[in-house]
Structures are given as structure tokens and as C-alpha cells.
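Here are a few notes to go with the structure you're looking at. Have it open while you read, and find each residue as it comes up.

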Amino acid sequence: MFTIVKNKLFTFVKNNFVPMKQLATQFLVDELKGRYITNESIKPLFEKFQNECLIHDEGKSVLDNSIYSITIGTGKTKVLMWSQMHGNEATTTKGFFDFLNFLVSKEPLAETILSQYTIKCIPILNPDGAAAYTRVNANEIDLNRDAFAITQPESKLLRSLLLEFQPDLAYNLHDQRTIFGTEGFQLPATMSFLAPAYNEYRDFNETRLKAVKIINTMNLELQKHIPNHVGRFDDSFNINCIGDYATSIGIPTILFEAGHYSNDYQREEVRKMVFVALLSSFSEKSNSEVGNELEVYLNIPQNSKCFFDFIYRNVKIISNDEEKIITFAAQFDEKLENNQIKFEAKIIQVEDLDTVKGHLEYDAQQMVFSSESGNFPKINHKANFYLNKLLKFDNGLQFL
């Protein structure tokens, strides 16, 4: 079906380029859906992949849950990946399994990648946090602030793998909140990347520049699918962050941040962009300009906090017979209930919203606000209210 052209890992069918997003759809693993992905979600997939991969129990979490690794490929270049270091960030886990599904497909492109790379991935580094749908582990420690101190069993395991596997590249796979957009465009930051700093001066050495080049390759491909929705994450240096630590010991490391796409709160479209990013990262860049990589990287828009889930503008409030027009914002709070993630919209800010956007925005056209809690939107209260006592909003959304 596919042919390879001069070792460049680009896919063609009868000389026509096959969009990587099409491959992402074709090889999507249907068994993984939604935001709640745990060890119990991925273990049934092991049988599907075990003939093509080495699946190994690397060690245990605080609560004695297994931390698995999946290794595939025989190539000289070694890549270590880990996902769900923060337990409630599962989009990249889904994207990795989609990519793995492609790698075992026997397609010539996949076979070429496997002949050139050995890929080891920990799909869920923090199984306790994944089960509880929390950022932290069972000891309430953020593992991405424990890379240097290594006080937690999960951190110690990852440190051991970094030293024993000795990867040529490391991929630190995360999700980011819906609040982030691309500076200058104010579009949702659907994918963001970072070549982490290795020192407090945030200098660029050979190690860091290797990560920069791969990010540029991924960004080039992603612009075909989500133009101006790719961000560059803040590079403030913190040796306790795993990316900064790994870069400081000479391992080129890339931070992946899977973010929001329009109306995609389950992140089923975003997982396809994770797939596109992963696949393109193993592809040879066709128009690389020597010496220009850093400039290209720094031109990727900075990640910025410029979004809320909901913004309601031109809302009239009446207090003590005085009328005032205001704007307020609401944000989804994610809660685990009966093994499903529930999205609960809460009011989180009133006024000072002129420079930000909402993923959903409503123009109230000076209709009057009212709710069970009073005639003014109250911080941390549920976004359940009326406009002119006629239009009902339930969980942030207009009730039809």
C-alpha cells in the first residue's frame, strides 16, 4: 500500500501524499475513549500487541500498582517516552497506543521506523493518580517536581530507566488545560512543545538543539492540520522538572502538551494530533535549513493563558436599584464519578476579561442575570442561572 522514498519517512500512495491525520483515524485504538484512562484500560490491549512488543512490569507505585513499559523496534536510535506522569492527563496515552497500533501494522513506513529506532514507552507512569484522576501520586507528590530529589517510587523508576536505557531522545508526554492559547493568534493551543532548558540561563547547547529540530519537524506537519494552534511552552528552568533534569544530563528531551480543540472536551480529535506529532517526529524534515533551526523554533507562538471555557458578555445586573453591565467567565471542573469524568461549570471570574476569549461566548445583549444564589454571579458557584428569567443556563450551557 505504501512506498518509501529514499529513506525519508513520508507516506505516499501512487505518489500522492497520505495525510498523517488520515493515518491517525485509520489506526485509532477504539478500546481507549474519553479522559479516564487507567491500568485497567490498557491491560486488555497487551494481548493485542504482545507478539510485536516486549511488555514488561518495570516496578510498583506507592499503592503497589504495576508500572508497565512497552518496547518495540530494533533500531540503533533509542527513544524513551512516558505518559500520565500526571494521572489525569491521558490524551497522550491514547495517542501513543494509536501510534503503536500503526507501528505493528506491517506497513512499510512502520517497518522502516522500527528498523531505525528502538522505542520504549511507559504509558502510565502514575497509575495511582490515573485511577484517582489526580495530577499527583498517592503521596500527593507532583512527580514532575520530583525529578532531582526522587523521593517517590515512580520517580526512582523513571530515573533508573533513563540511566539504564540511555535513550538518545526522551519524550515527556502531558496534557494541558483548556486555558492555554497561542500568543498573537488567541487560538486554542491544541498541541504545545518545549525543548527544556538545561541551566538557569536557558542557553541552547547541542543537546537542546536536537530537541528543537524535532519540534520544528512536528510543528511543520501539524500546521497542515491545525494552523496556528501549536504553541511553545514556557522554558523557565527547574532542575526538579524531569525535562530540565534529563536535558541537564545530556538527553535531548521534548515536552509534549496536548491541549484543547474546538468542542473536543473528550480529546478524541486531539489524540489524532498526538499521533501526527509522534509519527512526524520520526520523519526526516524535507526542507531543513542549516543554522536556522533556533530561529524557526523561537517563532512558534508562546503558550499563553488567554482562554476560559465560557465567557458571558454584556450581562445586566441590578443591585440596590442600580443597573450595571458586566462580563463574567466560567470554567469546567473535572470530577471522577462512577469511573467517568463529569464536567461541572463553575463561575471563576467577574470582569477584567477584555483581553481573553471563551471557547464558548455568549452576548447577553443586556439581559438581566438571576440565579438561586442571587442577582450577581458568585465565584465558585455553579454556572446555573437565567437571563431575563427566560433563558436558562445549566452547567454553563444555554438550556434549550
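1. Start in helix α2 (residues 39-49): K43 and E40 sit three residues apart there, which means they are separated by about one helical turn. Their side chains meet in a salt bridge, 3.1 Å from N to O. K43 counts as partly exposed, with 33% relative accessibility, while E40 counts as exposed at 56%. One thing to keep in mind: this is a predicted model.

2. Why can such pairs form at all? Side chains of opposite charge can pair when their charged atoms come close. The structure holds 22 salt bridges, so let's look at a few others.

3. Next, find R202 and D235, whose closest N and O atoms are 3.0 Å apart in a salt bridge. R202 lies in the loop between β10 (191-194) and α7 (206-222), and D235 in the loop between β11 (230-232) and α8, so this pair ties together parts that are 33 residues apart in sequence. R202 is partly exposed, at 38% relative accessibility, whereas D235 is buried, at 16%.

4. K316 and E323 form a salt bridge too, with 3.5 Å between the closest N and O atoms. K316 counts as buried at 16% relative accessibility, but E323 counts as exposed at 51%.

5. Salt bridges can also link up into a group. Have a look at D333, K335, E344, K346 and K382, which are joined in a network of them.

6. R159, in helix α6 (residues 153-165), is buried yet has no salt bridge. The nearest side chain of opposite charge is D146, 8.3 Å away, and a salt bridge needs the atoms within 4 Å.

7. Last, the largest pocket, with a volume of about 900 Å³. It is lined by 38 residues, and the closest to its centre are E89, R135, D175, Q176 and R177. Elements giving two or more residues to the lining include β8 (169-175), α8 (242-248) and β12 (253-258). Which element gives the most? That is β15, with four residues. By type, the lining divides into 14 nonpolar, eleven polar and 13 charged residues.

Key: Residues numbered from 1 in each chain as written. Predicted model: local features only at pLDDT ≥ 70, side-chain atom pairs only at ≥ 80, totals over all residues. Heavy atoms only, no water. 1 Å grid on protein atoms, 1.4 Å probe; cavity = no way out; pocket = protein on both sides within 12 Å on 5 of 7 lines; lining within 4 Å. Points joined across faces, edges and corners; volume = space filled by probe spheres on them. Nonpolar A, V, L, I, M, F, W, Y, C, P; charged D, E, K, R; others polar. Buried < 20%, exposed > 50% of the residue type's maximum accessible area, 1.4 Å probe, protein only. Lys, Arg positive; Asp, Glu negative; His and termini not counted.
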